[in-house]
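Please consult the sequence and the structure alongside the text.

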Amino acid sequence: MSDHPTDRVVLVTGAAGGMGAQHARTLAADGWSVVLADVADATPVVEQILADGGRASAVELDVTDPARWESVVAGVRTTYGALHGLVNNAGVSRRLRFMDTTHDVWRQVMAINLDGPFFGIQACAPLMRDSGGGSIVNISSIAGQIGYFSPSYSTSKWALRGLTKSAAGELAGWGIRVNSVHPGLVGTPLLSGSDGFVTSAVASIPFGRMGRPDEVTAVVAFLLGEGSSYMSGGELNVDGALVSNGTYHRILTEMEGDL
Ligand SMILES: NC(=O)c1ccc[n+]([C@@H]2O[C@H](COP(=O)([O-])OP(=O)(O)OC[C@H]3O[C@@H](n4cnc5c(N)ncnc54)[C@H](O)[C@@H]3O)[C@@H](O)[C@H]2O)c1
């Protein structure tokens with residue numbers, strides 16, 4: 001697998017918008033054939049990719065539906081004959097505090113953020129094995145590394161980290177690598193309606209700004225490519241040093257250097 005493949009196929013979930021659309025556009029520009037899977041219509045992104053000379057197709061997929069996963073992968077096998085990459089990117093965030101999280105919200109977030117990647121890995125791994133191996137990238141979050149206030153989001157993203165490490169061991173024998181990416185705060189529709197939260201959160205980011213979708217895409221592309229050939233069960237933060245240094249960045253800023 002080269003970092004600029006010409007005959008490689010990748011499926012990206014949640015690719016109709018936000019970071020998933022950015023991943024799809026960049027991977028297509030890098031030569032991948034991209035299957036954009038989403039509950040929303042990904043056709044506009046596909047049309048843009050085709051207009052730019054890339055290869056892509058859109059498929060309707062609710063990641064919480066294992067039967068639909070099987071039929072989507074069967075379609076990829078028929079259309080492309082192979083699958084080398086899977087980006088489990090689809091996810092939802094409900095910024096509800098612990099006692100405000102209803103059972104329905106809990107179930108919905110777990111279903112999309114955790115069950116979805118599990119079903120996706122189970123459905124895609126056999127075709128990836130038959131394709132000579134490949135790479136799976138699970139989009140977790142820094143909320144999967146710290147005690148984030150929203151329990152459904154945090155728990156689903158911690159669990160996705162565990163799922164990543166479990167799958168990495170199990171699928172190594174099939175030549176499939178599995179890693180997780182942990183974005184910090186990235187400017188996408190996921191954050192819409194939370195301006196106050198974002199402004200306050202940025203004050204804890206040593207880089208002093210949110211991340212851009214393309215800065216996450218670059219790491220996803222690295223994990224899909226040959227440059228990470230000995231990497232599996234790993235995790236990469238893309239967070240402007242928020243997790244490693246956010247607390248003391250805020251403390252030092254508030255103290256204005258007066259230690
Ligand atoms: N934006 C951030 O700050 C941030 C930070 C850390 C992690 N993340 C994670 O990155 C990923 C992408 O986030 P984003 O900010 O681009 O979000 P977004 O809301 O902009 O896009 C999410 C996409 O997922 C799709 N989707 C939702 N439910 C689905 C389902 N059941 N089946 C298939 N598709 C579904 C939506 O239609 C949408 O196109 C998510 O997993 C999110 O948790 C985002």
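A residue is taken to be near a molecule if one of its heavy atoms lies within 4 Å of it. By that criterion, 27 residues surround the ligand, and the closest are Met19, Asp38, Asn89, Tyr153 and Thr188. The model is a predicted one, in which local features need pLDDT of at least 70 and side-chain atom pairs count only at pLDDT 80 or more, while totals for chains, interfaces and linings use all residues. Residues are numbered from 1 along each chain as its sequence is written, and side-chain values use heavy atoms, with hydrogens and water left out.

An N or O atom in the side chain of Tyr153 is 2.6 Å from an oxygen atom of the ligand. Backbone atoms take part as well: a polar one of Val186 is 2.8 Å from a ligand oxygen, and an N or O atom of the Gly184 backbone lies 3.4 Å from an oxygen atom of the ligand. On its own, the ligand has 830 Å² of accessible area (Shrake-Rupley method, 1.4 Å probe), of which the protein covers 90%.

Which elements give two or more residues to the shell around the ligand? They are α1 (18-29) and α5 (151-171), where helices are DSSP runs of H or I with at least four residues, numbered from the N terminus. By class, the shell comprises 15 nonpolar, 9 polar and 3 charged residues; Asp, Glu, Lys and Arg count as charged, Ala, Val, Leu, Ile, Met, Phe, Trp, Tyr, Cys and Pro as nonpolar, and the others, Gly among them, as polar.

Notes: A polar contact is a pair of N or O atoms within 3.5 Å; within protein, one must be able to donate a hydrogen and the other to accept it, and residues adjacent in sequence count only if both atoms are side-chain atoms.
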